[in-house]
Amino acid sequence: YDLTRAAAGEDYRRESIFIQISESQCGRAVRTDRYMYSVRSAAREGFLMSAASVYFEEYLYDMQLDPFQKKNLIKDPAYEAVRAHLREVLLAEMQKAGEKRPVIGKALRIRKK
């Protein structure tokens with residue numbers, strides 16, 4: 001919910017929430033009403049490198065079908081359009097936060113929590 005627009009009397013909802021993960025890893029994520037999509041850099045520790053020019057897809061969860069995030073859909077071909085859309089949403093959020101637009105590569109493997 002956008003508090004600035006709400007204070008102006010508008011009923012406005014954001015498409016997503018942007019999350020920066022920069023202690024245990026160098027990662028970024030967006031969460032929509034339906035999906036959670038995250039990426040991470042190759043850096044082993046986020047506190048040494050808080051941003052990167054290249055990230056790789058890490059997780060994609062359908063929160064309606066899998067609210068406990070048990071099945072990572074990041075390499076599922078049926079979700080390619082969802083991943084492409086969420087990738088652009090994430091890139092836009094990163095730029096709004098003052099980051100340079102990075103490259104986001106496809107997942108190399110399916111990660112498990």
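I am working on a predicted model, where local features need pLDDT of at least 70, side-chain atom pairs count only at pLDDT 80 or more, and totals for chains, interfaces and linings use all residues. Residues are numbered from 1 along each chain as its sequence is written, and side-chain values use heavy atoms, without hydrogens and water.

Next I looked up the strands (E, DSSP runs of at least two residues; helices, H or I, at least four; numbered from the N terminus). E4 covers residues 54-62 and pairs with strand E5 (residues 103-105) in the parallel sense over three bridges. Pairing requires at least two DSSP bridges between the strands. With strand E3 (residues 35-40), E4 pairs in the antiparallel sense over six bridges. There, Val 39 has Glu 57 of E4 as its bridge partner.

I then checked burial (buried is under 20% relative accessible area, exposed over 50%, partly exposed in between; 1.4 Å probe, protein chains only). Seven of the nine residues of E4 are buried, so the strand is largely enclosed by the rest of the structure.

Last came the nonpolar cores (buried Ala, Val, Leu, Ile, Met, Phe, Trp, Tyr and Cys residues joined through side-chain atoms within 4.5 Å). The largest has 20 residues, and Tyr 55 and Leu 60 are among those with the most contacts inside it. E3, E4 and H2 each supply at least two of its residues. H2 gives the largest share, six residues. Apart from this core lies another, of five residues, including Tyr 59 and Tyr 61.
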